[in-house]
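Here's a quick briefing for anyone opening this structure for the first time. Have a look at the sequence and the model, then read on.

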Amino acid sequence: MLAETAHMVGLKELRCAFKQFDCDGDGKITLDELKEGMKTLLGEKLKKGELEEILSDIDLNKDGNIDFDGEPGAGELGLGGSVGGESSGKV
């Protein structure tokens with residue numbers, strides 16, 4: 001689903017949205033950054049379990065963060081040409 005969304009929205013827009021959530025600019029969205037972004041950017045105050053579920057669904061390399069390095073072709077967010085749904089763990 002994320003790959004379909006990315007193709008509809010575009011990589012540039014997806015990168016912009018990612019940067020808004022990535023408060024410290026380190027290229028990763030942590031659980032705390034996800035929580036803050038959901039609250040301030042989207043007006044959603046979610047419970048810890050809900051945030052952990054979102055993070056778990058998107059964190060393909062299971063490092064506890066959502067990664068985005070902007071390189072098309074390999075993707076944490078499922079943007080690349082991965083085989084069998086697997087990816088390198090970054091976008």
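A salt bridge here is a side-chain nitrogen of Lys or Arg within 4 Å of a carboxyl oxygen of Asp or Glu. Going by that, the structure holds 2 salt bridges. Keep in mind that this is a predicted model.

**Overall layout**
- The protein chain has 4 helices and 2 strands, and they follow the pattern α-α-β-α-α-β along the sequence.
- Of its 91 residues, 27% count as buried.
- Take the contacts in the protein chain with a separation of 6 or more: 33% of them are between residues 24 or more positions apart.

**The salt bridges**
- One of them joins Glu 36 and Lys 39, with the closest N and O atoms 4.0 Å apart.
- These two sit 3 residues apart in helix H3, so about one helical turn separates them.
- Glu 36 is partly exposed, at 33% relative accessible area, and Lys 39 is partly exposed too, at 44%.
- Lys 48 and Glu 52 also meet through their side chains in a salt bridge, at 3.9 Å from N to O.
- Lys 48 and Glu 52 are 4 residues apart in helix H4, again about one helical turn.
- Lys 48 counts as exposed at 56% relative accessibility, while Glu 52 is partly exposed at 38%.

**A charged residue without a partner**
- Asp 22 is found in the loop that runs between helix H2 (11-21) and strand E1 (28-29).
- Asp 22 is buried but has no salt bridge. Lys 19 is the nearest side chain of opposite charge, and it is 8.5 Å away; a salt bridge needs the atoms within 4 Å.
- Setting aside neighbours within four places in sequence, Asp 22 touches Gly 27, Lys 28, Ile 29 and Glu 33.

**The nonpolar core**
- The largest nonpolar core has 10 residues: Phe 18, Phe 21, Ile 29, Leu 34, Met 38, Leu 51, Leu 55, Ile 58, Ile 66 and Phe 68.
- H2, helix H3 (31-40) and H4 each supply at least two residues of this core, and the largest share, 3 residues, comes from H4.
- Core member Met 38 is in contact with Phe 21, Gly 43, Glu 44, Leu 46 and Leu 51, leaving aside its neighbours within four places in sequence.

**The aromatic pair**
- How many aromatic pairs does a search of the whole structure find? There is 1.
- The pair is Phe 18 with Phe 68: their ring centres are 5.1 Å apart and their planes are at 40°, so the pair is tilted.
- Phe 18 lies in helix H2 and Phe 68 in the segment after strand E2 (66-67), so the pair ties together parts that are 50 residues apart in sequence.

- The disulfide count is 0.
- Cys 16 is partly exposed, with a relative accessible area of 45%, and Cys 23 is exposed, at 55%.
- Lys 62 has a phi near 55°, which is a positive value in a residue other than glycine.
- You'll find Lys 62 in the loop between helix H4 (48-58) and E2, where it counts as exposed at 55% relative accessibility.

Definitions and conventions: Residues numbered from 1 in each chain as written. Predicted model: local features only at pLDDT ≥ 70, side-chain atom pairs only at ≥ 80, totals over all residues. Heavy atoms only, no water. Buried < 20%, exposed > 50% of the residue type's maximum accessible area, 1.4 Å probe, protein only. Lys, Arg positive; Asp, Glu negative; His and termini not counted. Contact = heavy atoms within 4.5 Å. Phe/Tyr/Trp six-rings, centres within 6.5 Å; stacked < 30°, edge-to-face > 60°. Disulfide = S-S within 2.5 Å. Core = buried A, V, L, I, M, F, W, Y, C linked by side-chain atoms within 4.5 Å.
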